[in-house]
Amino acid sequence: MSKEFKPADTGPYIVYVPMETEKAVINATANSPLSQISGDGEKILNPGLNDYSVTVTAEDTSIRIYRIQIIRISDEEKSEARLESITIDAAGISPGFSQDNFGTYTATVASEITKINMSARTKSQFASITGTGQKNLVFGKNSFTLTVTAIDGTKVNYTVEVTRQKPVVPTENFVFTINTISGINLSTTIKEMKDALKTPFITYKFTDNSGKILSDSHIIGTGAIMEVHIDGKKDSEYKTLIFGDLNGDGKVNSTDVALLRAHILRINQLNGEFLAAADVNGDGKVNSTDVALLRAHILRINQLVQKF
């Protein structure tokens, strides 16, 4: 039997017999000679599960019912540890399921999917399975193992990898490169920029070059660092680029004209995002044309364009 008999344990007690076994005899003995037993004796066995009850009636008419399950099964099914299907409620799996493919199955779900329900069905009704049920997902790859155990202890593992896509920073309002963000209007505050970039699961932190956190009321200038955090973890960062703002104060004025002239005359060279901010017409060059455009902006003759 599947476990040792104990009078207080009513089962079920499970017995496996070969397919050739067509009959079985259930022998039962009561603790008290005054108790009555019914349901024992010879049984005709059908293939598969045969469920029997043995009832013990005490002298005071109290009843206890014991369950005995006799499973008539072939040697092949006794060692059957394959699945018949794997299902994920939020996505299909790839490749399509095959009971003989014990490799890795994959699935991809959208960023807003935080949980999935994974179900599976065994080929043999008598095999057991672990690893199914509700699963929490982190962003990126999530690996799960389904283990099927046959009656004789044979085990087979199936692996399912579910990729939860990362949320994407919206790019329609700004211009992104690998490490910069531009297209930011002059006098834009950090709060206004956070609102324009608002996306579920994404938060933003702005700092200056020294790492000091900038407040939401701070006006964005060239050279600020925007950190992108996904689900609380830093994912990437960009430096802000305001065309015409060459000192990072978020303004375009005579100070910027002086810095641009000093660069052109090679008195004091601009570098990095500040050099990029000096190319105010986006032609890939920094020259007197950019000086003229800066002056025209300051004199309100022609305003600088922040998005090319």
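Colleague: Why is Arg266 called exposed?

Modeller: Keep in mind that this is a predicted model. Arg266 has a relative accessibility of 72%. Exposed means over 50%. The value passes that cut-off, so Arg266 counts as exposed.

Colleague: Where is Arg266 found?

Modeller: Arg266 sits in the loop between α3 (254–264) and α4 (272–278).

Colleague: What is the phi of Arg266?

Modeller: Phi of Arg266 is near 60 degrees. That is a positive value in a residue other than glycine. Most residues other than glycine have a negative phi.

Colleague: Which loop holds Asp231?

Modeller: Asp231 lies in the loop between β17 and β18 (233–240). Asp231 is not a glycine, yet its phi is positive, at about 55 degrees.

Colleague: Why is Asp231 called partly exposed?

Modeller: Its relative accessible area is 49%. Buried needs under 20%, and exposed needs over 50%. The value for Asp231 falls in between, so Asp231 is partly exposed.

Colleague: Is His229 buried or exposed, and how do you know?

Modeller: His229 has a relative accessible area of 14%. The cut-off for buried is under 20%. Therefore His229 is buried.

Colleague: Which residues is His229 in contact with, leaving aside its neighbours within four places in sequence?

Modeller: They are Phe201, Ile202, Thr203, Lys205, Lys234 and Asp235. Thr203 is also the bridge partner of His229, which is found in strand β17.

Colleague: What makes the link between the side chains of His229 and Glu227 a polar contact?

Modeller: The two side chains are joined at 2.9 Å. A polar contact needs a pair of N or O atoms within 3.5 Å.

Colleague: What is the strand order in the open sheet of 5 strands?

Modeller: The order is β14-β15-β18-β17-β16, with mixed pairing. β14 (175–176) and β16 (202–207) are the edge strands, since each pairs on one side only.

Colleague: What kind of peptide bond joins Ser94 and Pro95?

Modeller: A cis bond, with omega about -5 degrees. Pro95 lies in the loop between β7 (83–88) and β8 (104–109). Gly11 and Pro12 are also joined by a cis peptide bond, with omega about 15 degrees. Pro12 lies in the segment before β1 (13–18). Most peptide bonds are trans.

Terms used: Residues numbered from 1 in each chain as written. Predicted model: local features only at pLDDT ≥ 70, side-chain atom pairs only at ≥ 80, totals over all residues. Heavy atoms only, no water. Pairing = 2+ DSSP bridges. Helix = DSSP H or I, 4+ residues; strand = E, 2+ residues; numbered from the N terminus. Buried < 20%, exposed > 50% of the residue type's maximum accessible area, 1.4 Å probe, protein only. Polar contact = N/O pair within 3.5 Å; in protein donor to acceptor, adjacent residues only side chain to side chain. Contact = heavy atoms within 4.5 Å.
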